[in-house]
Amino acid sequence: MAVFVMGDLDLAVRGRTYREPEGSHSLVVRGTDLDSALQHLASRADCNALAVVGLPDTAPDMSSLAGRRLLLVDGDNQRLREFAESAIRAGIEVEWIRSARPPYERLASALLPVGAVILAAGSSSRMPGSQKLLLEFDGKPMVRHAMESASEGGCHQVVVVYAADDVRDAVDGGAELVYNPKASTGMASSLQVGLRAMRDEIAAAVVLLGDQPLVGSRTIAALMRAWRREGSRPAVAVAQAHGEWAPPVVLARELWSELFALKGDAGARQVLQGHPELLDVVPAPGRPDDIDTPEDYAKIVRLFPRRKPRQRA
């Protein structure tokens, strides 16, 4: 997804262009160029979002933005409120930031929204007698750790792909649920079901495994920051020793067509393997250990026992 920068703003995000792009894009302008931006929006149905940095004194007619996203940035709280109220009356999805300077991270997040696909439809074949995603870690089922990491890490949409009813029940309204009736065919079908559930404005998806309880929100946030930087590759994953990588992995929408062609137990690794030009690996906090066997689970619980609540005197 391109980010069309109209004017002299210096915004170093992936997909930045100073020429009117073809296809789906977002637009960022200074308030002095707002009228030109609204003309662009009126003529381009494929412009999904507008960010305005530094608002003019009065709000113009913004009806051309109805059904699209609007981000307002200004240091004047009263002006922000007036513009936001005008936008809401016009049926516009609006977010506002009180800041005298363009906040890079918030702008990048709004212009390049990332969703999360949590793969939780496996059969736990190496964990006899239990559904491993329901095993408790730090007082909650493992699958909920993945959900919370994605949400707290800044993902705009969180989808859990499941097959078993008890996993569905454990999600308990904490994320969107997508059932995979073909889960027994392997990971590829779950990945594809999750990607198809992403909303149209989602520019990339971070794929998490439901059995990685030590992957926290800081890991997700670090991956998304790296992916949104100008010059980053279509995929970004957690760096491991000897040049290897591990999930979670952020996958730009431009890669999804190749993922939809996978079969069986294949995943993103099969698409990225042998194509270093597609992948950045970055150091990130947390540990990507996945829990496959009773020994794996016992090791994690032993190394990271449940924190005891503090007792008040």
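Which residue is the bridge partner of F4 in β3? In this predicted model, local features require a pLDDT of at least 70 and side-chain atom pairs count only at pLDDT 80 or more, while totals for chains, interfaces and linings use all residues. Residues are numbered from 1 along each chain as its sequence is written, and side-chain values use heavy atoms, with hydrogens and water left out.

The partner of F4 in β3 is L27. Strand β1 covers residues 2-6, and strands of this kind are DSSP runs of E with at least two residues, whereas helices are runs of H or I with at least four residues, numbered from the N terminus. Two strands are taken to pair if DSSP finds at least two bridges between them. Strands β1 and β3 (residues 25-30) run parallel and are joined by five bridges. Strand β1 also pairs with β2 (residues 16-17) in the parallel sense, over two bridges, and there the bridge partner of F4 is T17.

In a regular strand the side chains alternate between the two faces of the sheet. On one side of β1 lie A2, F4 and M6, on the other V3 and V5, and all are buried. The term buried denotes a relative accessible area under 20%, exposed over 50%, and partly exposed in between (1.4 Å probe, protein chains only).

Residue S26 is found in strand β3 and is buried, with a relative accessible area of 0%. Its side chain reaches the backbone oxygen of L111 at 3.2 Å. This is a polar contact, defined as a pair of N or O atoms within 3.5 Å; within protein, one must be able to donate a hydrogen and the other to accept it, and residues adjacent in sequence count only if both atoms are side-chain atoms. Not counting residues up to four places away in sequence, S26 touches residues including M1, A2, V3, F4 and L111, where contact means heavy atoms within 4.5 Å.

A nonpolar core is a set of buried Ala, Val, Leu, Ile, Met, Phe, Trp, Tyr and Cys residues joined through side-chain atoms within 4.5 Å. The largest such core has 50 residues, of which V28, C155, V160, V206 and W227 touch the most other members. Its largest share, six residues, comes from helix α7 (residues 217-228). A second, separate core of 31 residues includes L119, A205, W245 and A268.

Residue Q192 lies in helix α6 (residues 187-196) and is buried, with a relative accessible area of 10%. Beyond its neighbours within four places in sequence, Q192 contacts L259, F260, A261 and L262.
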